[in-house]
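Colleague: I am new to this one. Could you walk me through it?

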Amino acid sequence: MAQDLTPLYIADLSTFTKALRKSLDGAPMPGHAQFMGLVARAAGFKNTQHVKSQQPAPEGLSKDTQRALRFMDASGRMSGWPRRTQVQALCLWAVWRFLPAKQDLTEKEVNEVLKTRATFGDHVQIRRSLIENGLMKRTIDGAIYRRIERKPTEEAQLFLRALMKR
């Protein structure tokens, strides 16, 4: 699962630490989710969902685009495989742009490119999905692969622009 970054602004650190210390007083150390809830309440929110709901959404980006960005590391490589098909499709555009245009490739050459563009270790899943999404084709025997030249969808273009700004 991709890491969901949620910024937290604390107006008064002293009040925050006192509230957090009071909620931990004498209790055994809470688990991760419980501790996040304690931090949120100490900062003046109802719970972690309340913190997330108060964060401004990046302007012009859909939920799927925001989700897709969470699956990309700082270098623009995929760090996991999204569950949602729409999010997968957006992430595939980030990989597709590194495949050489108008050039026949062997499976080994395709795998080399895909391995450099993903850190989660399943380049085969990416290769299959590129074919299924019409971004790449292969011969019936799988000997030759070729990138299909297509213009990214409007949402994919927004995703790629946001990814390049990082």
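Colleague: Which residues in α7 do L92, V95 and W96 in α5 meet?

Modeller: This is a predicted model. Helix α7 covers residues 123-132, and its axis lies 10 Å from that of α5. On the α5 side, the contact uses L92, V95 and W96. Their partners in α7 are I126, S129 and L130.

Colleague: Are α5 and α7 roughly parallel or roughly perpendicular to each other?

Modeller: The two helices pack at an angle of about 100 degrees. Angles of 65 to 115 degrees fall in one class. α5 and α7 are therefore roughly perpendicular.

Colleague: What is the class make-up of the contact of α5 with α8?

Modeller: α5 spans residues 85-96 and α8 spans residues 154-165. From α5 come L90, C91, W93 and A94. From α8 come E155, A156, F159, L160 and L163. By class, that gives eight nonpolar, no polar and one charged residues.

Colleague: In which hand does α5 pass α8?

Modeller: Their axes come within 10 Å and cross at roughly 60 degrees. α5 and α8 are therefore oblique to each other. The crossing is right-handed.

Colleague: Is the chain more spread out than a compact globule, or less?

Modeller: The chain has eight helices and two strands. Its radius of gyration is 21 Å, while the globule rule gives 15 Å for 166 residues.

Colleague: What share of the residues of the chain count as buried?

Modeller: Buried means under 20% relative accessible area. Of the 166 residues, the share that counts as buried is 35%.

Technical notes:
Residues are numbered from 1 along each chain as its sequence is written. This is a predicted model: local features need pLDDT of at least 70, side-chain atom pairs count only at pLDDT 80 or more; totals for chains, interfaces and linings use all residues. Side-chain values use heavy atoms; hydrogens and water are left out. Axes are lines fitted to C-alpha atoms, for helices over the stretch in contact, and angles run from 0 to 180 degrees between N-to-C directions. Helices (H or I, at least four residues) and strands (E, at least two) are DSSP runs, numbered from the N terminus. Angles under 35 degrees count as roughly parallel, over 145 as roughly antiparallel, 65 to 115 as roughly perpendicular and the rest as oblique. A crossing is left-handed if the near helix is turned anticlockwise from the far one by less than a right angle, and right-handed if clockwise. Contact means heavy atoms within 4.5 Å. Ala, Val, Leu, Ile, Met, Phe, Trp, Tyr, Cys and Pro count as nonpolar, Asp, Glu, Lys and Arg as charged, and the others, Gly among them, as polar. The radius of gyration is taken over C-alpha atoms; the globule rule is 2.2 Å times the number of residues to the power 0.38. Buried means under 20% relative accessible area, exposed over 50%, partly exposed in between (1.4 Å probe, protein chains only).
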